[in-house]
Amino acid sequence: MKKIILQLFVLSLFSSAAFSQNSKTEIDEKVAELLSKMTIEEKIGQMTQITVTNFEEKGKPGVFDMVKLREAIQNYHIGSILNVPNPGAPTIQRWKEVITIINNESNKTRLKIPVLYGIDAIHGSSYTLGATLFPQQIGMAATFNTDLVKRGAEISAYETRASSIPWVFSPDLDLPRNPAWSRTWESFGEDAYLSAQMGVAMVEGFEGNDVGSKYHVASCMKHFIGYGSTTTGKDRTPSIIPERILRQYDLTIYQAAIKAGSKSIMISSGEINGTPVHASKHLITDILKKELGFQGVVVTDWKDIIYLYTRHKVAENNRDAVKTSVMAGIDMSMVPEDYTFYNDLLDLVNKGEVPVSRIDDAVSRILKMKFEVNLFENNIADLKDYPKFGSQEFIDVAYNSAAESITLLKNKNEILPLNKTGKILVTGPTANSMKSLNGGWTYTWQGENADVLAADKFTILEALQNKIGKANVLYTKGADLAIEDELEIQKAVELAKEASTIILCLGEKNYTETPGDISNLFISQSQIKLALALSKLNKPIVLVLNEGRPRLISDFEDKMNAVIQCYLPGNEGARALVDILYGDVNPSGRLTYNYPRHPNSLEKYNRKYTESLGDEEQNDDAQYEKSYSPQFEFGTGLSYTTFEYSNLRIDKPEINNTDNITVTVEVKNTGKTAGKEAVLLYLSDKVASITPEVKALKRFTKINLAPAETKTVSFTLNQKDLQFVDNDLKWVAENGTFKIQIGTLSKEFVLK
Ligand code: BGC
């Protein structure tokens, strides 16, 4: 009989950060004083967030219509403005003008409460011209290097403050369960532990020790919760997630980021089990605010209160929708294009249908954040304070991030690194595109202007020409991303005959959200045709994937000699890729999701045993189709050197329910090249009352090893690592045997 060790979930929630948030501070006093002076209209205005393009003159992109702005700030008392003025990507000088115009208006109000500006700084300060653009989050996670991720967020914070903006809608803490989802690349991949660690690193980088300093910004965790799990894989469609699962995986990511101090959170536009999250008091108030103790601002996503009645059909009209979501726990509405939220909420409060106490709670949170980011003192950047904006120092960090993210998935006969003397053909629709390198949220929402606005940066083609000389690089597009083009394929085949190696760059266009929805996970037919045509030449082909989600390549992967995933590596990505192709950088990225082989086989790496009968002894019966065979598994990532793992040790073979367990392993670079290695520790609970995962990532670190060098890596696991959420929604660990795996080594221990 197993003895079940119950660990009260609540206990772990009283983190030090949550506790200190509760203590009465100077800021709380300032908030209370200001709140006491506010009219109900001023309070509701604070809860209203409007998009900046609402204040532009008709037909004059980027030109303020001062009547509209005045109306918003003077009459509706709006508390927040978001996003980017047309035509997108202002310089820091222009941002300063924009924020000054807004600030001048708020200074004319009775209480002079500054407007809080929020922005989608997703991979760097990506709505500011000349900012440093990093790999998108999926690539940052593939570095398995939290220091690098934190540094990236610090730089992003610096450059966002240089743009006079104190609040970013990042990090994305979604846990994509369907790889077709158009925002897979905005996440840290399919593992909750990895996402939590990366999320914490970003929050720390954004907010620093003093979020009010001129070099830090408030972060906004998003999209709470379950947004990345749509059954169809299409954006903003329903998810079905039992609360047990939600707590065991998704919630842990937010819990970690809240503990790290994140100041705000954005609600998911989706529904879970039939309830839109914006209408869920259970999720927003009971779990997020009460149970997790979140003291920050809860903001809706774009138009999501309106969508409660126009799309989700859970409200009769806007008034009904406003009441539902405010009573569910929303503090700020990203309305974002009219004053329906303001008008209806005012009416609801005046008629006693929404209590003033709920409004006071929401407004206190908003004012608190305004004080914390130091908005009352310092809301316009002095550009002299930002000499490093877009500097070489920052660009180098973006380059290093790309270099550590790019993931070598296959290297048959060690065809890579390439020899600099041979002539190459580079072809494929992503070979000469800054849009494909960056993806969405780049200068504009969909990132369609990256070729023009990042024209000074290298595409893959340009980086190759720069590396080995124009004369050695043959190029033709070979295929369009969508439209089939036989003539282009023939052109590529002809050119390939003159080349010793083909670099085939395939992938996706720039996209995010609904415009990125797909109905077919396979990479486009036009690209498959190009790959198959080139493969008939019997020349070595290096497939470079430049994509936001794993588009299936099983129709031709076996004909590729090498496969390298560069995700959406940003403005410095092509240089990093080419340095890897030619061996000037040793690759060290690891895949953060299972790359599927078949469209109906979307198993995660931390699958249950019944999902992988194929690789277990049950497959003795030849009738079984091997059911678990991703094209590439989570954690895959090759190097140009070899690493040998040895001496895996644990400090105790048996532990009790309070012990930690220390795991050590030696890693040696047995090759001739220096290399970085991500060391991953997986744990398996051998038997449990809820079906256990085959394995789950519990720890990781990244080390650097010179040839012949050995390092000892040490990890400490605690009781929480042994627990799962049971059917009573409690975190429990059960006595029995656990297996630790690092590389191909494993060790077992017993919890007694
Ligand atoms: C997206 C959010 C984003 C917001 C503001 C929404 O459509 O879902 O991720 O932060 O717009 O741009």
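Trainee: What makes helix 21 and helix 22 partners in a contact?

Mentor: Contact means heavy atoms within 4.5 Å, and Glu486, Ile489, Ala492, Val493 and Ala496 in helix 21 meet Ser526, Lys529, Leu530, Ala533 and Leu534 in helix 22. These residues divide into seven nonpolar, one polar and two charged. The model is a predicted one, in which local features need pLDDT of at least 70, side-chain atom pairs count only at pLDDT 80 or more, and totals for chains, interfaces and linings use all residues. Residues are numbered from 1 along each chain as its sequence is written, and side-chain values use heavy atoms, with hydrogens and water left out.

Trainee: Why are helix 21 and helix 22 called roughly parallel?

Mentor: Angles under 35 degrees count as roughly parallel. The axes of helix 21 (residues 486–496) and helix 22 (residues 525–535) cross at roughly 30° and come within 10 Å; the two helices are therefore roughly parallel to each other. Their crossing is right-handed, a term used if the near helix is turned clockwise from the far one by less than a right angle.

Trainee: What makes strand 6 and strand 7 a pair?

Mentor: Two strands pair if DSSP finds at least two bridges between them. Four bridges join strand 6 to strand 7 (residues 264–267), and the two run parallel. Phe224 stands opposite Ile267 in strand 7.

Trainee: Why do strand 6 and strand 10 count as edges of the sheet?

Mentor: The open sheet has the order 6-7-10. Strand 6 (220–224) and strand 10 (297–299) each have a single partner strand, so one side of each is left without a neighbour in the sheet.

Notes: Axes are lines fitted to C-alpha atoms, for helices over the stretch in contact, and angles run from 0 to 180 degrees between N-to-C directions. Angles under 35 degrees count as roughly parallel, over 145 as roughly antiparallel, 65 to 115 as roughly perpendicular and the rest as oblique. Ala, Val, Leu, Ile, Met, Phe, Trp, Tyr, Cys and Pro count as nonpolar, Asp, Glu, Lys and Arg as charged, and the others, Gly among them, as polar.
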